[in-house]
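Here is a short briefing to read alongside the model. Keep the sequence and the 3D view open as you go.

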Amino acid sequence: MIESRKVHRVLGVLKPTNMYAESRRSKRFSDRVIINQHFTERTLTPGGDVSLQCAAIADRPPQFSWHRDGIPVSSNTDSRYAFGQIMRPDGSVLAQLNITRLRVEDGGFYSCTATEGDQVASHESRLDVYGPPYIRALPPIKVQSGESLNLRCPFYGYPISKIDWEFKGKIITPNNLFPSRYKRNQRRILSSSYKISTNNFKYMNNKEIAGGQSLNLKRKPRSAANIHGVLTIPEVGKANNNAKYTCTVTSPSGEMARRDFDIKVIEAPVLDDLLLGNNLQEGQVANIYCNVRTGDLPIHFEWLKDGKRIPSNLKVVERSSELFSALVIKSVALEHCGTYTCVATNHVATVNKSTELYIKVAPKWLLEPSNSSVVLGKRGIVSCSATGYPIPQVHWMKKDAILGTWQPVLELAGGGILSLANGSLVIDEVSLTDEGLYSCNVENGVGTPLSKTIWITVNKPVHFVTSSPNVTSRAGLPLSFECVARGDEPIQIQWTQNGNVINFRNHRLKLSEVKTSSAITSSITINFAETRDAGVYQCRASNPYGVANYNLYIHILEPPTPPTELRVESVNSRTATISWRGKSEHYTLQHAPANVPRWDGADTINITSKDDDIRQVYKLQNLRPASSYSVRVATVNQVALSHFTDPVHFTTEEEAPSSAPQQLRVSQTDEPGELYLKWSQPDKKTHNGLITGYHIKAVPQNIGADEGETKTLKVSHQAGKLETTVRGLLKNTRYAVSIAASNSAGIGPYSTPVFQETKAGAPENAPTSVECTAVSLLQSE
């Protein structure tokens with residue numbers, strides 16, 4: 001059989017276990033199919049069972065086939081052979097070959113091949129079964145002259161001590177027959193001294209264990225042999241035809257098997273150049289001849305056109321004999337033009353020759369142009385194409401409307417127009433100036449050129465010039481709005497509100513349309529606007545060339561609702577914090593003294609909310625202490641002011657009086673050491689609460705007076721009585737007297753001092769340290 005791989009195995013060496021050794025025994029023709037699990041070399045005894053497994057993964061589940069010594073095996077080969085193939089969770093496919101009641105003839109070189117489409121991967125390893133040697137018969141081996149040949153001896157039986165190849169009765173060695181043309185893959189055989197264990201029979205080197213016992217093998221040189229029986233012939237010539245090569249397999253006990261293999265050397269076909277007539281015209285007969293110069297029969301012919309089988313509709317007749325083939329075209333036409341290939345195949349090779357078939361054909365319309373229309377602003381295409389050979393050239397021209405001359409479209413001002421290879425005229429973005437007369441001209445140098453003049457019309461799709469507006473109106477007032485659609489007629493208008501088609505049979509709504517030469521104006525009038533009229537109105541305009549939408553956003557405003565939950569959060573002497581619940585952006589707050597019967601004089605504050613909080617808070621400033629107030633709030637929008645809330649009331653806290661009592665008068669009394677005071681209340685606006693009393697301060701002004709002699713007095717407030725007498729003052733002493741009002745919050749400022757002297761009086765104490773001195777009468781005189 002033919003074998004291109006070189007696989008070596010040495011007698012007595014166990015099966016390889018490292019990844020490199022395993023990968024050398026697997027064929028991979030594509031990375032799309034990967035064998036990720038495979039069987040290894042095994043040596044078994046007859047009568048047992050064996051399972052060979054291969055797993056592969058690919059883009060799609062692969063299919064497996066099995067071979068033994070290059071010959072396919074299947075369930076028909078032997079009833080003891082069973083095959084299986086299952087999909088595994090990881091996406092790979094596991095294939096199994098199970099052999100029961102193993103026999104010696106089951107030995108050989110096994111291979112599993114995974115195929116998915118054109119992608120192939122395979123693995124091969126040897127299965128040896130103990131028994132006498134035997135060599136399988138093979139049909140004659142066909143090989144192409146000049147190619148190399150690898151012969152592998154298809155033997156079985158085990159153990160085998162050597163394999164020899166013979167040619168013409170002589171053993172082929174590097175030193176005898178045709179040493180430059182034959183070579184053998186060879187390895188030294190290890191020692192033939194070995195032990196056989198009844199429990200476990202294997203070949204071993206001096207470090208391996210059989211049956212659980214260590215062996216010490218001695219190496220003895222023997223003649224070279226190839227245990228796989230591969231013979232390589234670098235180049236096979238015609239002289240090797242019908243040659244016989246003999247394979248001899250010998251066991252250690254001397255048993256021998258021989259088999260002859262016949263070599264059939266076959267010459268590959270060699271073709272002459274294809275013969276084809278010149279200057280063919282449309283309608284003539286065309287013959288293409290394919291002749292074999294050399295090559296062994298049988299030869300099979302096949303014809304291709306442009307790399308594919310010739311379609312039957314071309315009505316091409318093929319006529320073939322053993323050594324030539326011809327194509328006959330009874331009436332050649334343009335569709336017959338192309339590359340024709342003659343493919344010749346025999347048992348060993350496939351060869352081909354190609355030639356070009358062309359005829360001259362005058363141009364004929366394939367797509368004759370006609371008057372066309374294009375859409376403004378869009379891409380416009382007008383077709384114009386013709387058949388013929390050589391391939392016709394298409395040129396577009398446009399007539400200048402003012403000068404009346406024709407110009408190539410590629411030279412027109414502004415650009416944006418081009419002619420494709422298939423003859424189509426393309427306008428990238430149609431403008432109004434693209435309308436006019438155009439001419440499509442076709443020629444290929446054969447016959448009469450073609451020409452067609454057409455008119456291209458520019459159609460204007462419907463569109464809107466203005467942008468979408470926002471319209472705001474008050475409830476109860478009339479409301480009208482419109483859309484203006486422009487474009488070519490006919491234009492249809494449809495109105496929707498919030499996506500629903502408007503029913504104009506409702507008497508509240510009135511639709512009117514005004515048409516001009518270039519536009520249509522559609523208007524909607526609502527006599528009395530209501531909140532339900534708010535929403536998104538869409539004016540949808542359409543004509544045969546396009547559709548456009550125009551949106552209007554209508555807002556209907558009505559008086560807002562007043563705020564709720566108005567309350568006083570905190571109160572100080574001059575400030576108060578007010579809060580309420582509302583969702584509006586603008587509010588009006590009024591506050592007034594509680595004793596004011598009407599709100600006309602109330603203070604009004606306009607408030608703008610600074611955030612989106614539902615609870616609004618505002619702090620009133622500059623209030624009067626100890627005063628009662630009323631507060632109310634209303635909501636404001638673009639329409640009106642809402643009703644005010646019910647007022648809430650509060651009283652500010654007291655402060656000490658902010659001014660002194662007025663009109664302080666101080667006078668002497670009849671009694672020494674007393675002063676009489678009379679005054680008026682402070683300005684009522686500065687009481688800042690209820691006056692509960694007065695504080696009087698009398699400061700002596702005499703030189704040397706002690707500050708401890710200052711007299712202070714607190715006088716309780718009595719209705720209608722604003723006077724008092726200050727007693728216990730120094731007699732005949734000038735005093736600075738001032739007075740201050742007080743309330744529950746504190747003492748106010750003292751008044752400007754008033755100066756007054758107390759009345760003098762008799763000494764309160766007798767003289768002390770009195771001394772008497774005698775004097776004469778004369779002295780006294």
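Which side chain meets that of Asp533 in a salt bridge? The partner is Arg508, with 2.4 Å from N to O. Bear in mind that this is a predicted model. The points below start with the whole protein, then move to the salt bridges, a sheet and a surface patch.

**The whole protein**

- The protein has 781 residues, and 41% of them are buried.
- Its secondary structure consists of 65 strands and two helices.
- Take the contacts with a separation of 6 or more: 66% of them involve residues 24 or more positions apart.

**Salt bridges: the Asp533 pair**

- Side chains of opposite charge can pair when their charged atoms come close.
- The whole structure holds 28 salt bridges. One of them joins Asp533 and Arg508.
- Asp533 sits in the loop between strand 48 (519-526) and strand 49 (535-543). Arg508 sits in the loop between strand 46 (500-501) and strand 47 (509-515). The two residues are 25 residues apart in sequence, so their pairing ties together separate parts of the chain.
- Is Asp533 buried or exposed? Asp533 counts as buried because its relative accessibility is 3%, and the cut-off for buried is under 20%.
- Arg508 has 17% relative accessibility, so Arg508 also counts as buried.

**Salt bridges: other pairs**

- Glu530 and Arg532 meet through their side chains in a salt bridge, at 2.6 Å from N to O.
- Glu530 is partly exposed, at 32% relative accessible area. Arg532 is exposed, at 51%. The cut-off explains the label for Arg532: exposed means over 50%.
- How far apart are the closest N and O atoms of Glu565 and Arg615? They are 2.9 Å apart, and the two residues form a salt bridge.
- That pair links distant parts of the chain, 50 residues apart. Glu565 belongs to strand 51 (residues 564-571), and Arg615 to strand 55 (residues 615-620).

- Strands of a sheet pair through backbone hydrogen bonds, either parallel or antiparallel.
- Which order do the four strands of this open sheet follow? The order is 42-44-48-47, with antiparallel pairing.
- Strand 42 (463-464) and strand 47 are the edge strands. Each of them pairs on one side only.
- Strand 44 (residues 479-486) and strand 48 run antiparallel, and eight bridges join them.
- Cys483 has its bridge partner in strand 48: Ser522.

**A nonpolar surface patch**

- Which residues form the nonpolar patch on the surface? They are Leu410, Leu418 and Leu420.
- Together these three residues have about 260 Å² of accessible area.
- Leu410 lies in the loop between strand 37 (406-408) and strand 38 (417-419).
- Leu410 is exposed, because its relative accessible area is 63% and the cut-off for exposed is over 50%.

Technical notes. Residues are numbered from 1 along each chain as its sequence is written. This is a predicted model: local features need pLDDT of at least 70, side-chain atom pairs count only at pLDDT 80 or more; totals for chains, interfaces and linings use all residues. Side-chain values use heavy atoms; hydrogens and water are left out. Patches are made of residues with over 30% relative accessible area and no salt bridge: like charges are joined within 9 Å, nonpolar side chains (Val, Leu, Ile, Met, Phe, Trp, Tyr) within 5 Å. Accessible areas come from the Shrake-Rupley method with a 1.4 Å probe; for residues, only the protein chains shown count as cover. A salt bridge is a side-chain nitrogen of Lys or Arg within 4 Å of a carboxyl oxygen of Asp or Glu. Buried means under 20% relative accessible area, exposed over 50%, partly exposed in between (1.4 Å probe, protein chains only). Contact means heavy atoms within 4.5 Å. Two strands pair if DSSP finds at least two bridges between them.
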